[in-house]
Amino acid sequence: MEKNQELYYDEIDSLRKFRSKIETHAIYKEDLDSFSDEYEELVAQAKVITRVSDRLQKKLDNANLQIREQNEEIKDKNIQLADTVDQLAKAKVGRRASTILFSIAVTLFILEQLLLEPIIEQYFETQFVSIGILGLLFILVKFSEGAMESYFMNREKRKILEKEDKK
């Protein structure tokens with residue numbers, strides 16, 4: 001095994017030689033002193049490495065905590081952004097639906113006045129029938145508003161999903 005391939009080559013070699021001396025009963029006081037000094041140096045190095053490792057681990061833990069906090073903040077901001085986009089889409093859709101329904105209401109009112117009003121005046125002597133029909137048209141238009149907004153919102157959502165799928 002090459003010296004630069006093994007991290008603790010010198011220490012392992014020293015241990016191998018010491019064991020060999022133990023097996024052959026050729027151990028001397030100098031060998032014990034040398035081995036003891038080497039062991040003491042290894043313990044000191046292990047302490048330093050442990051302190052450095054502990055400091056690095058603490059920094060890593062702090063960095064991970066900061067990353068988790070930032071991820072939570074990003075999630076919160078994404079939720080806020082999604083809510084804002086949803087509110088903007090609803091406002092846009094609401095405006096579009098209101099414009100269309102206003103146009104329909106005006107058209108229906110004009111058609112009622114031009115087509116139905118002469119017939120109503122011919123067969124009925126009271127204005128309540130005309131007012132009742134206008135009330136029914138108003139209710140019809142008002143209930144159609146929610147359906148139209150839902151339709152436009154679903155279209156907007158489909159557009160967004162299609163854009164996301166293309167990415």
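This is a predicted model: local features need pLDDT of at least 70, side-chain atom pairs count only at pLDDT 80 or more; totals for chains, interfaces and linings use all residues.
Residues are numbered from 1 along each chain as its sequence is written, and side-chain values use heavy atoms, with hydrogens and water left out.

View 1. Helix H1 covers residues 9–23; helices (H or I, at least four residues) are DSSP runs numbered from the N terminus. Its 15 residues reach 21 Å from the first C-alpha to the last, close to the 21 Å expected at 1.5 Å a residue, where the expected span is 1.5 Å times one less than the number of residues. Asp 13, Ser 14 and Phe 18 are buried in H1. Seen down the axis of H1, the buried residues fall within an arc of 135 degrees, so they line one face of the helix; the arc is that of the directions from the helix axis to the C-beta atoms. Buried means under 20% relative accessible area, exposed over 50%, and partly exposed in between (1.4 Å probe, protein chains only). The face turned away from the buried side carries the exposed residues Arg 16, Arg 19 and Glu 23. H2 is included in what covers the buried residues of H1.

View 2. Asp 13 forms a salt bridge with Lys 17, the closest N and O atoms being 3.2 Å apart; a salt bridge is a side-chain nitrogen of Lys or Arg within 4 Å of a carboxyl oxygen of Asp or Glu. Both residues lie in helix H1, 4 residues apart, about one turn of the helix. Asp 13 counts as buried at 17% relative accessibility, whereas Lys 17 counts as partly exposed at 45%. The structure holds 8 salt bridges.

**View 3. The loop residue His 25.** His 25 lies in the loop between H1 and H2. Its phi is near 55 degrees, a positive value in a residue other than glycine. Most residues other than glycine have a negative phi. At 71% relative accessibility, His 25 counts as exposed.

**View 4. The surroundings of Glu 112.** Glu 112 lies in helix H2 and counts as buried at 2% relative accessibility. Not counting residues up to four places away in sequence, Glu 112 touches Glu 117, Ile 120, Ser 130, Ile 133, Leu 134 and Leu 137; contact means heavy atoms within 4.5 Å. Glu 112 and Leu 137 are 25 residues apart in sequence and 9.3 Å apart in space, C-alpha to C-alpha.

View 5. Glu 145 and Lys 142 form a salt bridge, with the closest N and O atoms 2.8 Å apart. These two residues are 3 residues apart in helix H3, and therefore separated by about one helical turn. Glu 145 is buried, with a relative accessible area of 18%, and Lys 142 is partly exposed, with 49%.
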